[in-house]
Amino acid sequence: MNEHVDAVLATAPESGNAAPAGEAKNPLLAALGDRVRNLRAQRGLTRKAVAVAADVSERHLANLEYGIGNASILVLQQVAGALHCSLAELVGDITTSSPEWLLIRELLENRSETDLRRVRLALGELLGTASVDPARHRRIALVGLRGAGKSTLGQMLADDLDVPFVELSREIEKLAGCSVREIHDLYGTNAYRRYERRALEEAVQIYSEVVIATPGGIVSDPATFNELLAHCTTVWLQAAPEEHMGRVAAQGDTRPMAASKEAMEDLRRILNGRAAFYSKADLSVDTSGKTLAQSFQVLRGVARQSIGLSD
């Protein structure tokens with residue numbers, strides 16, 4: 001019997017190793033076990049061969065395959081290495097769920113941000129999800145961390161352009177019937193993201209000309225951020241971390257950092273984590289070291305140029 005057949009047969013549970021009768025398996029661990037068995041079969045490897053290559057005991061691997069072994073992340077990394085796959089494929093990332101996904105991943109691996117952006121835009125055109133909204137250039141959406149000046153500058157820009165101003169956080173609260181903090185506390189982040197998406201969709205449907213101040217975390221949901229990019233001209237309002245913190249504190253609201261003794265470090269991490277997403281905006285305005293009037297003049301200039309208005 002060859003190695004491949006051995007591997008396939010080895011996916012069947014062996015007596016004495018299965019979960020105790022009547023004991024329900026954890027669905028996550030069971031699904032993980034299925035993937036390990038399937039990957040091992042696809043590669044024509046015996047359980048013993050994988051165990052040796054991963055430097056784990058055969059019994060440990062068997063328990064993992066049967067969904068009764070709660071392996072550490074390091075063990076999973078070793079098993080992934082033995083199976084010649086990524087950790088993402090082992091744990092079930094959606095982009096590893098089919099041969100086509102895997103082939104697409106391979107094509108995109110190690111590509112530059114510029115190449116990936118070109119691919120994203122080309123995919124949008126190919127799939128019919130690319131922006132064909134004729135009002136996109138007349139909707140200005142401001143993105144960035146709290147304290148960048150989105151609300152203040154957004155209202156000033158809307159007044160200058162004589163268009164409505166929408167603060168998306170307020171629209172979210174209207175939809176939910178409670179404050180943003182209460183949405184998070186009572187219903188969780190997923191519920192908040194649903195309200196955020198709905199508020200954005202309604203704003204886009206209602207207004208063909210508008211200035212929108214978006215919540216700082218809108219980039220955290222790719223679907224909502226894609227919606228924003230497709231229907232609005234986006235402007236990233238940048239500022240140094242110290243200025244973000246100072247402006248929020250000056251407003252008497254330190255909620256984002258209230259529980260941390262290392263507030264500035266937390267703020268830097270948040271900014272670093274989101275900067276790559278904010279940078280996808282069409283335009284950017286750095287308000288660091290500028291007065292409110294100076295920041296507005298820069299924003300006004302880039303916004304009016306984008307819309308096609310003379311200064």
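At what angle do helix α3 and helix α4 pack, and how far apart are their axes? In this predicted model, α3 (residues 47-54) and α4 (residues 58-65) pack at an angle of about 110°, and their axes lie 9 Å apart. Because angles of 65 to 115 degrees count as roughly perpendicular, α3 is roughly perpendicular to α4.

**Contact of α3 with α4**
- The crossing of these two helices, α3 and α4, is right-handed.
- Helix α3 contributes Arg 47, Lys 48, Val 50 and Ala 51 to the contact, and α4 contributes Glu 58, Leu 61, Ala 62 and Glu 65.
- Four nonpolar and four charged residues make up the contact of α3 with α4, with no polar ones.

**Contact of α11 with α12**
- Helix α11 (residues 180-187) and helix α12 (residues 189-206) cross at roughly 135°, and their axes come within 7 Å.
- That angle makes α11 oblique to α12.
- On the α11 side the contact is made by Val 180, Ile 183, His 184 and Tyr 187; on the α12 side it is made by Thr 189, Ala 191, Tyr 192 and Tyr 195.
- Six of the residues in the contact of α11 with α12 are nonpolar and two are polar, with no charged ones.

**The chain as a whole**
- The protein chain holds 16 helices and five strands.
- Of the 311 residues in the protein chain, 39% are buried.
- The protein chain exposes about 17,200 Å², of which carbon and sulfur atoms supply 53%.
- Among contacts in the protein chain with a separation of 6 or more, 70% come from residues 24 or more positions apart.

Methods:
Residues are numbered from 1 along each chain as its sequence is written. This is a predicted model: local features need pLDDT of at least 70, side-chain atom pairs count only at pLDDT 80 or more; totals for chains, interfaces and linings use all residues. Side-chain values use heavy atoms; hydrogens and water are left out. Axes are lines fitted to C-alpha atoms, for helices over the stretch in contact, and angles run from 0 to 180 degrees between N-to-C directions. Helices (H or I, at least four residues) and strands (E, at least two) are DSSP runs, numbered from the N terminus. Angles under 35 degrees count as roughly parallel, over 145 as roughly antiparallel, 65 to 115 as roughly perpendicular and the rest as oblique. A crossing is left-handed if the near helix is turned anticlockwise from the far one by less than a right angle, and right-handed if clockwise. Contact means heavy atoms within 4.5 Å. Ala, Val, Leu, Ile, Met, Phe, Trp, Tyr, Cys and Pro count as nonpolar, Asp, Glu, Lys and Arg as charged, and the others, Gly among them, as polar. Buried means under 20% relative accessible area, exposed over 50%, partly exposed in between (1.4 Å probe, protein chains only). Accessible areas come from the Shrake-Rupley method with a 1.4 Å probe; for residues, only the protein chains shown count as cover.
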